[in-house]
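Student: Could you show me how to read salt bridges and a nonpolar core in a model like this one?

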Amino acid sequence: MTRTGCWSRTERVLLTYEQVRAYELSATEGKHGDPRWPTFARRYGFDLRRPVQWEVEALEPAELQRLVLAAVDPYIDRDVLARQVAREEEQRRVLAAFLDGWDAAGGGAPA
């Protein structure tokens, strides 16, 4: 917040332990010294001496995309998004018309 001043609130988006179990993701060795590990280990019954972790990248890309989109969906201003999409479509139309004119005038012909 101090760097940009634009964030009034942040929300973490991550895999929950319930999702790890549901997706049957394999654990890898975690980082020793991670200050979050003891609390997590106690909460879910893991050995405090053997930290483990799961990588979100282990999910299928389509499922990862679905989870991320579901997490950000409540924050999307549909009116702003619709205006931006319309603006981009208009820019594409103008560019395509320009390129058609350029090609017709011989601007796109190979030398």
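**Charged pairs and a nonpolar core**

Tutor: Let us begin with Glu90, which is partly exposed, with a relative accessible area of 38%; buried means under 20%, exposed over 50% and partly exposed in between, with a 1.4 Å probe and protein chains only. This is a predicted model, in which local features need pLDDT of at least 70 and side-chain atom pairs count only at pLDDT 80 or more, while totals for chains, interfaces and linings use all residues. Residues are numbered from 1 along each chain as its sequence is written, and side-chain values use heavy atoms, with hydrogens and water left out.

Student: Which residue forms a salt bridge with Glu90, and how far apart are the closest N and O atoms?

Tutor: In general, side chains of opposite charge can pair when their charged atoms come close. Here the partner of Glu90 is Arg93, with the closest N and O atoms 2.6 Å apart; a salt bridge is a side-chain nitrogen of Lys or Arg within 4 Å of a carboxyl oxygen of Asp or Glu. Because Glu90 and Arg93 are three residues apart in helix H4 (residues 78-104), about one helical turn separates them, a helix being a DSSP run (H or I) of at least four residues, numbered from the N terminus. Arg93, at 48% relative accessibility, also counts as partly exposed.

Student: How many salt bridges does a search of the whole structure find?

Tutor: The search finds five. Among them is the pair of Arg36 and Asp34, whose side chains meet at 3.0 Å, N to O; Arg36 is exposed, with a relative accessible area of 57%, whereas Asp34 is partly exposed at 23%. Another joins Arg49 to Asp47, with 3.2 Å between the closest N and O atoms; Arg49 is exposed at 66%, while Asp47 is partly exposed at 30%.

Student: Which residues make up the largest nonpolar core?

Tutor: In soluble globular proteins, nonpolar side chains tend to be buried together. In this model the largest nonpolar core has seven residues, namely Leu15, Tyr17, Val20, Leu25, Trp54, Leu59 and Leu67, where a core is a set of buried Ala, Val, Leu, Ile, Met, Phe, Trp, Tyr and Cys residues joined through side-chain atoms within 4.5 Å.

Student: What is Trp54 in contact with, leaving aside its neighbours within four places in sequence?

Tutor: With those neighbours set aside, Trp54 is in contact (heavy atoms within 4.5 Å) with Tyr17, Val20, Leu25, Ser26, Ala27, Phe40 and Phe46.

Note on methods: Helices (H or I, at least four residues) and strands (E, at least two) are DSSP runs, numbered from the N terminus.
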